Amino acid sequence: MHHHGYAWLGEKRTFDKESIRRPPGQAPTATSEQDVHERYREAVAVFPASDVPPIQTAHWLMKPASTIRGTWEEPKEAGAWLGRQLAEFAPRFASAQDREATRLDLLVRAAVDRLAWGGDMSLGHYLSGTVFRSIALVTCSPNRSAPDLPCPARSSGPDHDPTAHDEASTALDRPT
């Protein structure tokens, strides 16, 4: 068992587009049959390659390996990454309560505990304006809620080591 880290920063209106956050085949909410077909077409075209967070945390494993920001064998290592992500963005959190150091520390501890028994952790914070930050830690090989999903890192090539990286935040993830 290992854990993958995922991070996304983007407009809240993009995050709110349910059809791009559901894999093809999941029943979208729609008001008409035409809307159902349109949402399905969008899910088929966008979901597999998009870095927008999926509705179900385990579905990050359906995304390309390039969306993985880090992979760790130990929950504490994954928790340390989460702590760095939270510390980096906490000054920009819209809610003063979300910026509190004690709260952030408790979130990291809860994530480590959850990963230790095979669970996942997904967090989201509003930043200034209409920007939203999503961070997720997903247990892999197997995932408790989706044990049939293959590891995206292991499926990206025979020489790929899923535990070999802990990438720094991407340019998109850096505060401006």
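**Confidence and packing**

Modeller: The protein chain has an average pLDDT of 84, with 82% of the residues at 70 or above; pLDDT is the predictor's confidence in each residue, from 0 to 100. In residues 157–176 it is below 50, and this stretch has 43 contacts in the model beyond near neighbours in sequence (contact: heavy atoms within 4.5 Å).

Colleague: What are the ground rules?
Modeller: It's a predicted model, so local features need pLDDT of at least 70 and side-chain atom pairs 80 or more, while totals for chains, interfaces and linings use all residues. Numbering runs from 1 along each chain as its sequence is written, and side-chain values use heavy atoms, leaving out hydrogens and water.

Colleague: Is Ala 90 buried or exposed?
Modeller: Buried, because its relative accessibility is 8% (buried is under 20% relative accessible area, exposed over 50%, partly exposed in between; 1.4 Å probe, protein chains only).

Colleague: And what does Ala 90 touch?
Modeller: Arg 99 and Leu 104, leaving aside residues up to four places away in sequence. Ala 90 and Leu 104 are 14 residues apart in sequence, with 8.5 Å from C-alpha to C-alpha.

Colleague: Switching topic, which side chain makes a polar contact with Thr 71?
Modeller: That of His 4, at 2.8 Å (a polar contact is a pair of N or O atoms within 3.5 Å; within protein, one must be able to donate a hydrogen and the other to accept it, and residues adjacent in sequence count only if both atoms are side-chain atoms). Thr 71 is buried, at 1% relative accessible area.
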